[in-house]
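Please find below a briefing on one predicted model.

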Amino acid sequence: MLDTGFPRADAENEFLRARRHQILATLTRRLRHQAANSDRLLVLDEVTDALGWRGERHLGLQTIRLDTIVGTAGARRDFDRHFRPTSNRVRSRWEQLALAERRGAAIPPIEVYRVGRLHFVSDGHHRASIAASARQQTIDAYVTEILTSVPLKGTTRPLAA
């Protein structure tokens, strides 16, 4: 990420770069005849329904790896599996948070659910997207572990820029 020294311009450029990468990834999937939904965020309810939800426990504030975040607690389509913005609809909020972060404002941790070793964002999709765009490896998160009847053998996947 090349900084110009102008935080607002840098935040705008960072969003545009993330959008371009998402658009190119979509075009690449189409050219390779891959399924259109192959890069969508997993939905927590779909996973817990399949594994059998049996409870949850709050684990508190932790630092988690960004590459373990694979989904969302709600049916969001604003970001792809790599947390790149899928439309300009999120641009204003995204740039506002990116600018605040660049100016040194305290940004609260995201909130996630953990199933196995994988995480699903319940609050903080924009913050996760900004962190992924900045190629951060980790992010602070309040973690709630979901206990399932069938254990999930979770694997991580690298975040592509």
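**Sheet, helix, cores and a loop residue**

Helix 4 (125–133) lies across strand 3, strand 4, strand 5 and strand 6, and runs at about 125° to strand 5. Axes are lines fitted to C-alpha atoms, for helices over the stretch in contact, with angles from 0 to 180 degrees between N-to-C directions; contact means heavy atoms within 4.5 Å. Helices (H or I, at least four residues) and strands (E, at least two) are DSSP runs numbered from the N terminus. In this predicted model, local features need pLDDT of at least 70 and side-chain atom pairs count only at pLDDT 80 or more, while totals for chains, interfaces and linings use all residues. Residues are numbered from 1 along each chain as its sequence is written, and side-chain values use heavy atoms, with hydrogens and water left out.

- Six strands form an open sheet in the order 1-3-5-4-6-2, with mixed pairing (two strands pair if DSSP finds at least two bridges between them).
- Strand 1 and strand 2 are at the edges with a single partner strand each, so one side of each has no neighbour in the sheet.
- Strand 1 pairs with strand 3 in the parallel sense over two bridges, and T72 in strand 3 is the bridge partner of V43.

**Helix 2**
- In helix 2 (residues 44–51), the buried residues are L44, V47, T48 and L51 (buried is under 20% relative accessible area, exposed over 50%, partly exposed in between, with a 1.4 Å probe and protein chains only).
- These buried residues fall within an arc of 90° seen down the helix axis, so they line one face of helix 2; the arc is that of the directions from the helix axis to the C-beta atoms.
- Exposed residues D49 and A50 are on the face turned away from the buried side of helix 2.
- Among the elements covering the buried residues of helix 2 are strand 1 (42–43), strand 4 (110–115) and strand 6 (138–148).

**Nonpolar cores**
- The largest nonpolar core has 23 residues, and I64, I69, F83, I110, V112 and I139 have the most contacts inside it (a core is a set of buried Ala, Val, Leu, Ile, Met, Phe, Trp, Tyr and Cys residues joined through side-chain atoms within 4.5 Å).
- A second, separate core of eight residues includes L44, V115, F120 and I146.

**Loop residue D78**
- D78 lies in the loop between strand 3 and helix 3 (91–102), and is buried, with a relative accessible area of 13%.
- The D78 side chain makes a polar contact with the side chain of R89 (2.8 Å); a polar contact is a pair of N or O atoms within 3.5 Å, where within protein one must be able to donate a hydrogen and the other to accept it, and residues adjacent in sequence count only if both atoms are side-chain atoms.
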